[in-house]
Amino acid sequence: MTPPRPGPLTRARLVVSPSVGPAVVRELERITGRPAGPAGADGPFVYVGDSLPEPLRTPRLLWFHSVNAGTDALLAAGAWPREALLTRTVGRMGERIAQYTLAWVLAECQSVPEHAAQHSRTQWQRLPSELAAGRTAVVHGTGRIGSAVAGLLRACSLRTVGVARTARAAPAGFDRVVLAGSREETAELGRARWVVSTLPLTDATERFFDGPRFAAMRGATFVNVGRGATVDMTALETALRDGAVRGAVLDVLPDEPAGPADRAWRLPRTVITSHSAGITADEDVVTDFAACWEAVAEGRTPALAVDVGRGY
């Protein structure tokens with residue numbers, strides 16, 4: 001995660017993926033003070049985009065800035081150039097994902113889906129409601145996004161428990177943090193009314209939510225806004241059918257987009273949304289790249305740098 005040296009950065013070309021819109025390209029050119037163009041046959045370059053073509057995975061790559069928050073697909077696509085810095089775009093994604101999560105929590109408390117169904121049948125029937133205040137939400141992942149989710153839930157008087165891989169003091173938004181795989185995690189899953197996953201996909205998190213973890217939930221609603229492959233979908237289906245999981249809201253799936261034959265559509269008490277909880281806006285890309293550029297130009301490692309070995 002060492003930033004490029006000032007000398008090579010000064011003469012580096014700016015290369016931008018065709019998927020990046022012209023308005024963003026103009027802003028990138030303004031920030032870097034150079035025009036965007038193709039990578040040359042020799043000389044260093046900085047690349048901004050959503051994927052990195054194999055021919056550009058060379059030692060000449062100084063720095064890749066991803067327009068996405070997740071970098072698992074990027075790293076899985078091929079060997080990463082050993083000295084290249086990797087940064088990502090987060091922007092206001094934490095805020096967006098937090099609002100998405102809270103919306104589904106409150107919709108469940110106020111029986112919003114059931115009221116909508118009654119309306120379609122022109123049916124008048126009083127339905128129960130539930131207070132979210134005082135309930136426990138267990139949030140897996142205590143980084144920027146997990147902390148934003150916990151902070152908004154806590155503002156609605158929920159008790160928020162974070163689950164992390166390493167021991168740490170509770171970040172802002174959390175009442176406490178427990179270790180993944182510990183007895184404390186199992187106990188908190190048993191107390192949870194909602195379990196929220198903000199986990200990235202790494203070797204350590206693939207199929208993290210398995211049979212024992214779902215069985216420990218004892219009737220919680222599961223919300224996944226992280227990565228689809230962190231969930232064993234067969235285990236989730238079993239838990240939904242036997243009642244260990246009350247319901248599920250899945251913004252991400254192991255295979256996307258989900259085709260009509262995907263079994264996920266037939267999971268009981270489940271809503272699937274189209275990986276839309278934390279859509280990245282153009283201004284997010286510009287703001288985060290500018291912050292990274294300033295840090296790199298000053299010889300600092302950007303706050304949005306990715307540890308390539310860990311995958312996040």
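This note goes through the predicted model point by point, from the whole chain down to single residues.

1. Basis. The model is predicted: local features need pLDDT of at least 70, side-chain atom pairs count only at pLDDT 80 or more, and totals for chains, interfaces and linings use all residues. Residues are numbered from 1 along each chain as its sequence is written, and side-chain values use heavy atoms, with hydrogens and water left out.

2. Overall make-up. The chain holds ten helices and eleven strands. Both are DSSP runs, numbered from the N terminus: helices are H or I with at least four residues, strands are E with at least two. The radius of gyration is 22 Å, close to the 20 Å that the globule rule gives for 312 residues, so the chain is as compact as a globular protein of that length. That radius is taken over C-alpha atoms, and the rule is 2.2 Å times the number of residues to the power 0.38. The C-alpha trace spans about 70 × 45 × 35 Å along its principal axes.

3. Burial and surface. Of the 312 residues, 50% are buried. Buried means under 20% relative accessible area, exposed means over 50%, and partly exposed lies in between (1.4 Å probe, protein chains only). The chain exposes about 15,300 Å², and carbon and sulfur atoms supply 53% of that area. Accessible areas come from the Shrake-Rupley method with a 1.4 Å probe; for residues, only the protein chains shown count as cover.

4. Contact range. A contact means heavy atoms within 4.5 Å. Among contacts with a separation of 6 or more, 59% join residues 24 or more positions apart.

5. Nonpolar cores. A nonpolar core is a set of buried Ala, Val, Leu, Ile, Met, Phe, Trp, Tyr and Cys residues joined through side-chain atoms within 4.5 Å. The largest one has 49 residues. Those with the most contacts inside it are Leu28, Trp63, Ile97, Val149, Leu153, Val225 and Phe289. Helix α4 (residues 93-109) gives the largest share of this core, seven residues. Apart from it lies another core of 28 residues, including Phe214, Met217, Phe222 and Leu267. In soluble globular proteins, nonpolar side chains tend to be buried together.

6. Leu153. Which residues does Leu153 touch, not counting residues up to four places away in sequence? They are Thr101, Leu102, Val105, Ala137, Leu158 and Thr160.

7. Strand β10. This strand covers residues 245-250, and five of its six residues are buried, so it is largely enclosed by the rest of the structure. Strand β9 (residues 220-224) pairs with β10 in the parallel sense over five bridges. Two strands pair if DSSP finds at least two bridges between them. Ala220 has Val245 as its bridge partner in β10. From β9 the chain crosses through helix α9 (residues 233-242) to β10, and this β-α-β crossover is right-handed. Right-handed means that, with the strands pointing away from the viewer, the path from the first strand over the helix to the second runs clockwise. β10 also pairs with strand β11 (residues 270-272), in the parallel sense over three bridges. Val249 stands opposite Val271 in β11.

8. Thr230. This residue sits in the loop between β9 and α9. Is Thr230 buried or exposed? Its relative accessibility is 0%, so Thr230 counts as buried. Leaving out residues up to four places away in sequence, Thr230 touches Ser197, Leu199, Pro200, Leu201, Thr205, Glu206, Arg207, Phe208, Phe209 and Asn224.

9. Thr238 is in helix α9 and counts as partly exposed, at 45% relative accessibility. Its C-alpha atom is separated by 8.0 Å from that of Gly211, 27 residues apart along the chain. Gly33 is in the loop between α2 (22-32) and β2 (45-49) and counts as exposed, at 66%. The C-alpha atoms of Gly33 and Ala117, 84 residues apart along the chain, are separated by 55 Å.

10. Backbone points to check. Most residues other than glycine have a negative phi, and most peptide bonds are trans. The bond from Glu256 to Pro257 is cis, with omega near -5°. Pro257 lies in the loop between β10 and β11. Ser111 has a positive phi, near 55°. This residue lies in the loop between α4 and α5 (112-120) and is buried, at 8% relative accessibility. Thr122 has a positive phi as well, near 50°. Thr122 is in the loop between α5 and β5 (136-140) and counts as exposed, at 74%.
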